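I hope they are of use as you look around.

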Amino acid sequence: MKDKTFLMIPGPTPVPESVMLEIAKHPIGHRSSEFSSVLEEVYANLKYVFQTKNDVFMYTASGTGAMCAALENLINPGDKVLCLVIGNFGNRWAKIAQSRGADVEKIEVEPGEVISPEVLKDRLAKDVNKEIKIVTLTHSETSTGAANDVKTLCSIIREHGALSVVDGVTSVCAMPCKPDEWGIDVLVSGSQKGFMIPPGLAFLTANERAWKVYEQCKFPSFYSDWGAYKKSTQANSTPFTPAVNLIVGLNTALKMIKEEGIDEVNARHKKHAMALRAAIRALNLKLLVDDDNHASYAITSILPPDGVSVPDIRKVLKQDYDIVVANGQNQLKDKIFRMGTLGFVCDRDLIASVGALEATLIKLGHEFTPGIGVSTLIAELKK
Ligand SMILES: Cc1ncc(COP(=O)(O)O)c(C=O)c1O
């Protein structure tokens, strides 16, 4: 049926109709007082969602654009950067740092695992001359569905004295993420994830410690220069022509998040992720991240049952039910499929998706008690 496609991927995520209708309006002038009023609300509500007193900059870019805007305004060639890598997106930090001439070291774990605080503590304890200037990490690693304990890791980094630079692309909105309280120095995110709007905007917030490092950066990026963004943000403006329609849509989406409450939005994501995980186990399927304490609330990675392929699961879900789930990435391609519970997702969406997954698995010959996934899911959602 036309127009029924439902995205259960970790971004882009479904967009509320009221947001779509705002985006569909004629663009307004980006130097008008009307747009400045929109920006005033957006900047204030971004601070609320990011749970920070610091400015949140908005770039016309995807999430990677904000990652670049972080490191390209901090690194001088030769700086030592430690990258904590639990998947593809952790590795992206390393690539960006390398592109700026940094001396990059990685701590890397197997897919599905997270960074152990002890391992980080040991490595930083060995850095007696305090050569490590920046430590990058990923909160919710979308390629595996694992989530680092950012609060603990950032407190260890703070004790050492390096700057913590955190990818919150699929965690902001979905999981508790509190930069001021947890001592995250730089945090980035992207619009097509928990923010319930289409791709095209990226966000960055930095604290005073990060600003001191920015001030020592010899060649800050021109387009994403923090100094220019600070000046504009504080004047309810933007340095360059922004994606005005997306920002008008974002204004509506942020108000929806505020109305629900950021803690409640986090709790909804947790409830959905945990209920989905219980349903998957009830269907005799395995999760890549077995420990619920290390699981992202935004994305769940599932291993296919023996004798059933990931491409077949994805194909039947799409063809028969118009539901899109994601494949694994790189070495996990065709080894896992990933279901998003990110952004504008309600209980009904999840019940429909698990029901469709059951029907798909029955069609493909996997054996389980029919209905067990949906009934487990519903029981968990009611808790
Ligand atoms: C955790 C994480 N970091 C970074 C990115 C990169 O964002 P984008 O594809 O919007 O550039 C993504 C995108 O899926 C992501 O999930």
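1. Let me begin with Asn-91. This residue has 18 C-beta neighbours inside 10 Å and therefore counts as partly exposed; the cut-offs are 20 or more other C-beta atoms within 10 Å for buried, 12 or fewer for exposed, and partly exposed in between, with C-beta atoms placed from the backbone. Asn-91 sits in helix α4, residues 88–99. Helices (H or I, at least four residues) and strands (E, at least two) are DSSP runs, numbered from the N terminus. Between the C-alpha atoms of Asn-91 and Thr-233, which are 142 residues apart along the chain, the separation is 30 Å.

2. A word on the model itself. It is predicted, so please keep in mind that local features need pLDDT of at least 70 and side-chain atom pairs count only at pLDDT 80 or more, while totals for chains, interfaces and linings use all residues. Residue numbers start from 1 along each chain as its sequence is written.

3. Now to the sheet. It is open and mixed in its pairing, with seven strands in the order β2-β10-β9-β8-β5-β3-β4; two strands pair if DSSP finds at least two bridges between them. At the edges stand β2 and β4 (103–108), each with a single partner strand, so one side of each has no neighbour in the sheet. From one strand to the next the twist averages 20°. Angles here run from 0 to 180 degrees between N-to-C directions, and axes are lines fitted to C-alpha atoms, for helices over the stretch in contact.

4. Within that sheet, have a look at β8 (residues 163–167) and β9, which run parallel and are joined by three bridges. Val-166 has Leu-187 in β9 as its bridge partner. Helix α2 packs on the sheet, where it touches β2, β9 and β10, and its direction makes about 110° with that of β2. Helix α8 (residues 208–215) lies across β8, β9 and β10, at about 105° to β8. Contact means that the C-beta atoms of two residues, placed from the backbone, lie within 7 Å.

5. Which residues are around the ligand? They are Pro-10, Gly-11, Ser-62, Gly-63, Thr-64, Phe-89, Thr-138, Thr-142, Asp-167, Val-169, Thr-170 and Gly-190, taking as near any residue whose C-beta atom, placed from the backbone, lies within 6 Å. By class, this shell has three nonpolar, eight polar and one charged residues. Ala, Val, Leu, Ile, Met, Phe, Trp, Tyr, Cys and Pro count as nonpolar, Asp, Glu, Lys and Arg as charged, and the others, Gly among them, as polar.

6. Some backbone details deserve a look. The peptide bond from Gly-11 to Pro-12 is cis, with omega near 0°, and Pro-12 lies in the loop between β1 (6–7) and α1 (17–23). Gln-51, in the loop between α2 (33–50) and β2 (56–60), is a non-glycine residue with a positive phi, near 50°. Met-196 is another residue other than glycine with a positive phi, near 65°; its place is the loop between β9 (186–190) and β10 (201–206). Met-196 counts as buried because it has 26 C-beta neighbours inside 10 Å.

7. Finally, helix α13 (residues 347–363) has 17 residues and reaches 24 Å from its first C-alpha to its last, close to the expected 24 Å, where the expected span is 1.5 Å times one less than the number of residues. Its buried residues include Leu-350, Val-354 and Leu-361. Just after α13, Gly-365 has a positive phi of about 95°.
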